[in-house]
Structures are given as structure tokens and as C-alpha cells.
Amino acid sequence: MGKLHRTLLIVRLNFLDWKRNPKIIAGFVLAFTFCVMLSGRALIFARTYGTTMQIFEPFIWAFGKADSILLSSLLLLFFFGAMPFINQATPYYLIRMARREWIGAQIIYVGIVTIIYLLFLLGIFCLLCAPLSFPGNMWSETGAMLGYSGVGSDIALPASVKTMEISDPYTCVIKIFLLMLLYETLTVTWMMIWNLGKNRLGGILSVFLLNLYGLLLTPQIIGKLLHIPETVQYKSNVLCGWLSPLNHVTYYMHNFGYDYLPRIWQSCLILFVLSGVNLCVIHWLAGRYEFQFS
């Protein structure tokens with residue numbers, strides 16, 4: 001049996017736990033509720049002004065604020081809360097495969113589940129907003145009104161002018177998928193470190209604290225802590241963009257050629273390197289893990 005075959009076998013075994021699993025069902029139900037809540041504002045606005053939307057715009061707006069990204073990320077704990085999945089059969093798997101293959105299977109599982117989850121969110125947003133949407137790869141009048149008038153910020157629909165001027169909806173969705181995939185890899189590997197330390201509660205709390213750190217790290221807080229004058233407030237924005245994990249996932253909080261925020265590839269590299277460090281720690285902890293048999 002080849003290395004890849006053994007790794008994919010563990011991935012398949014992880015997915016077998018989805019059958020009639022109340023946590024998985026609850027995760028999808030809450031994800032559906034998340035879509036309904038955020039798409040409702042967009043639908044009401046479009047109906048009020050008689051405009052249409054590009055079909056991917058509600059999904060893009062949902063990932064345009066740190067608190068929405070935080071909520072969608074925390075919902076994935078229903079899928080990843082017990083990782084790495086360790087049961088009575090795990091020691092027998094490790095007899096026939098290297099620990100790095102077993103860890104690789106967990107990371108592949110994280111990637112596949114994250115993509116499934118994001119496709120589910122994208123599909124629900126598209127279905128809910130389909131009556132007022134069009135599929136063309138161009139920004140809509142609704143998005144322009146929300147962005148250029150500033151109304152979007154008031155009603156929690158962050159249609160970024162910078163995003164609309166530099167990018168297009170299809171490219172934006174692809175990059176959001178990539179950033180979310182890397183961010184979830186970072187958060188799950190961080191949680192796995194704590195879980196392998198035989199502290200499941202600590203693993204869940206560590207994810208909350210990591211997300212809370214990103215949420216609370218705002219330009220206003222950085223400005224007060226570092227005593228940055230209002231006249232150079234852009235420095236607080238730049239520091240927030242580089243230091244906040246959630247801002248690395250927020251698409252418009254990047255440098256598109258005319259500021260000092262991180263570029264998309266730099267955010268991807270930072271998230272990738274941090275995840276790699278976590279994986280090295282996980283590999284070390286897995287070698288010291290003591291299994292208990294009942």
C-alpha cells in the first residue's frame with residue numbers, strides 16, 4: 001500500500017464519521033442561518049432601490065468584515081473541534097504508516113472540508129439572491145451604490161470601492177477561497193497543538209482567543225497603544241493589516257499597488273509559514289503522544 005493511498009484512507013475514515021453526526025448537521029444548519037442573515041440585508045437594499053446584484057457579491061460582502069469572517073470561521077469548529085481524530089484504532093494505523101502521513105491526512109481533511117463548507121456558503125448565497133442577480137463577471141449597480149455612497153458600512157454590507165476598482169467578482173471569490181483555506185489551516189493546526197497536549201477545552205479556547213485577537217486588533221486600539229497621532233492614522237491601519245490574522249483574510253485589506261498593506265501573496269506566505277511551524281510542533285507532539293486504552 002503506497003503512502004498516498006494510506007493517507008487518503010485516513011481521510012476517508014474521517015469522513016465516515018459524518019454519517020448522522022449531530023455536530024456536522026448543526027454546522028451546516030448554522031451555516032445556512034449565517035447566509036440567510038447576511039443575504040437578507042442585501043436583498044432588502046436591492047428591492048428598496050430596484051437594483052440587481054452580481055450573483056457572487058453577497059458572498060464577497062459576507063467576507064468583507066472581520067466579524068463575519070470570525071463567525072464563519074468559528075462555525076467550522078463543528079467540523080474540526082475534535083481534531084486530530086484519535087480513537088482506539090489510531091495506534092494500529094500508526095503501526096502501518098508514518099506519523100507524518102497521518103498528520104498529512106488530517107491537513108488534507110481540513111482542506112477538503114473547508115472547500116466543501118465555502119462552496120456550501122457560496123451556493124446558498126447564490127440561491128437566496130438569484131431572483132435579483134446576474135452571473136456576469138462585473139460589479140453591479142447595487143455594489144456601486146453601497147461602496148461609493150458609504151451606505152454599505154452603515155448596514156454591514158462592506159462593498160469596498162478599492163476591491164471594485166482593482167478586481168472582478170470571479171477573481172475575488174477565488175482569492176477569498178485561497179485565503180480562507182490557509183487561515184483555517186492555521187487555526188486548526190493551532191488547535192491541534194493544544195488538543196495533542198490532552199486539553200480539548202484548551203484547543204477550543206485557543207481558537208477563540210486567536211480569532212478574538214484578530215477582531216480586537218483595530219487601528220483605533222493600535223493608535224491608542226502606540227500613541228500614534230490622528231494625522232498619521234494610516235500607520236495604525238498598516239500595522240493592523242500586517243498584525244491581525246483576520247485582516248490577512250479580508251480581501252480589501254491588502255495592497256493593490258498604492259499603499260503599504262500586505263499583498264495577497266504576502267498574506268498567503270505568512271499564513272503558510274505559520275501553519276508550517278504549527279505542523280512541525282504537531283509532528284513533535286505526535287511522537288510523544290501517549291495513547292490510553294479502555
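**Helix packing and cores**

Modeller: Start with a helix pair: H2 and H4 cross in a left-handed way. Bear in mind that this is a predicted model.

Colleague: At what angle do helix H2 and helix H4 pack?
Modeller: About 165°, with the axes 10 Å apart. That makes H2 roughly antiparallel to H4, because angles over 145 degrees count that way. H2 covers residues 22-49, and H4 covers residues 66-75.

Colleague: Which residues in H2 and H4 meet?
Modeller: From H2, they are Leu30, Ala31, Phe34 and Leu38. On the H4 side, they are Ser68, Leu71, Ser72 and Leu75.

Colleague: How many residues of H4 are buried?
Modeller: Eight of the 10, so H4 is largely enclosed by the rest of the structure. Among the buried ones are Ala66, Ile69, Leu70 and Leu74. Serines are there too, including Ser68, Ser72 and Ser73.

Colleague: New topic. How many residues are in the largest nonpolar core?
Modeller: It has 66 residues. Phe59, Phe63, Phe80, Met83 and Leu121 have the most contacts inside it.

Colleague: Which helix gives the largest share of this core?
Modeller: H11, with 14 residues. There is also a second, separate core of nine residues. Leu43, Met53, Cys129 and Leu146 are in that second core.

Colleague: Back to H11. What does it reach from its first C-alpha to its last?
Modeller: 40 Å, close to the 40 Å expected for it. H11 runs over residues 169-196, which is 28 residues.

Colleague: And is H11 mostly covered or mostly open?
Modeller: Mostly covered: 20 of the 28 residues in H11 are buried.

Notes: Residues are numbered from 1 along each chain as its sequence is written. This is a predicted model: local features need pLDDT of at least 70, side-chain atom pairs count only at pLDDT 80 or more; totals for chains, interfaces and linings use all residues. Side-chain values use heavy atoms; hydrogens and water are left out. Helices (H or I, at least four residues) and strands (E, at least two) are DSSP runs, numbered from the N terminus. The expected span of a helix is 1.5 Å times one less than its number of residues. Buried means under 20% relative accessible area, exposed over 50%, partly exposed in between (1.4 Å probe, protein chains only). A nonpolar core is a set of buried Ala, Val, Leu, Ile, Met, Phe, Trp, Tyr and Cys residues joined through side-chain atoms within 4.5 Å. Axes are lines fitted to C-alpha atoms, for helices over the stretch in contact, and angles run from 0 to 180 degrees between N-to-C directions. Angles under 35 degrees count as roughly parallel, over 145 as roughly antiparallel, 65 to 115 as roughly perpendicular and the rest as oblique. A crossing is left-handed if the near helix is turned anticlockwise from the far one by less than a right angle, and right-handed if clockwise. Contact means heavy atoms within 4.5 Å.
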